[in-house]
Amino acid sequence: MQIHCRANYERMLRRMVPREQYLEILSDINVGKKFFEQWVLREAYIKWTGEGLSRDMRTISMDEGSHMLLDMEDGYSGAVWAMNPMEINWKYEDIILG
């Protein structure tokens, strides 16, 4: 999970996504949202594989395993990456202690 903070998107994207995707994200009206989607997806991948941030994030294959962006509140992004098949179910419960 990532809290959205102002960042130098150009500098970070240059080291995070392939060139064509870099240009696509920077030209999008929602550059911050697109940036954080890629950040949490790629961070989830390197956590899943255990490779760490020394991995060149531009070379991550989006076809390996399964990944899913999580539905989060505004200002937050999250993602999960795992082996195939992956199924995530959310269950919300109200608990009243009394």
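Predicted model: local features only at pLDDT ≥ 70, side-chain atom pairs only at ≥ 80, totals over all residues.
Reader: Happy with that! How many helices and strands does the chain have?
Author: There are 3 helices and 3 strands, following the pattern β-α-α-α-β-β along the sequence. Both kinds are DSSP runs numbered from the N terminus: helices are H or I with at least four residues, strands are E with at least two.

Reader: Why is F35 called buried?
Author: Buried means under 20% relative accessible area, exposed over 50%, and partly exposed in between, with a 1.4 Å probe and protein chains only. F35 has 1% relative accessibility, so F35 counts as buried. F36, at 4%, therefore counts as buried too. Buried residues make up 30% of the 98 residues in the chain.

Reader: What makes a set of residues a nonpolar core?
Author: The members are buried Ala, Val, Leu, Ile, Met, Phe, Trp, Tyr and Cys residues joined through side-chain atoms within 4.5 Å. The largest such core here has 18 residues, and F35, W39 and W81 are among those with the most contacts inside it. Helix 1 (9–14), helix 2 (19–26), helix 3 (31–49) and strand 3 (76–82) each give two or more residues to this core. Helix 3 provides the largest share, 8 residues.

Reader: Which residues does F35 touch, leaving aside its neighbours within four places in sequence?
Author: F35 is in contact (heavy atoms within 4.5 Å) with Y9, M12, L13, M16 and I25.

Reader: Why is the pair of Y45 and W81 called edge-to-face?
Author: Rings of Phe, Tyr and Trp (its six-membered ring) pair if their centres lie within 6.5 Å; planes under 30 degrees apart count as stacked, over 60 as edge-to-face and the rest as tilted. The centres of Y45 and W81 are 4.9 Å apart and their planes are at 75°, so the pair is edge-to-face. Y45 lies in helix 3 and W81 in strand 3, 36 residues apart, so this pair links distant parts of the chain. Both residues are buried.

Reader: How many aromatic pairs does a search of the whole structure find?
Author: The search finds 5. One of them is F35 with F36, edge-to-face at 4.9 Å centre to centre and 80° between the planes. Ring pairs also link Y9, F35 and F36 into a cluster.

Terms used: Residues numbered from 1 in each chain as written. Heavy atoms only, no water.
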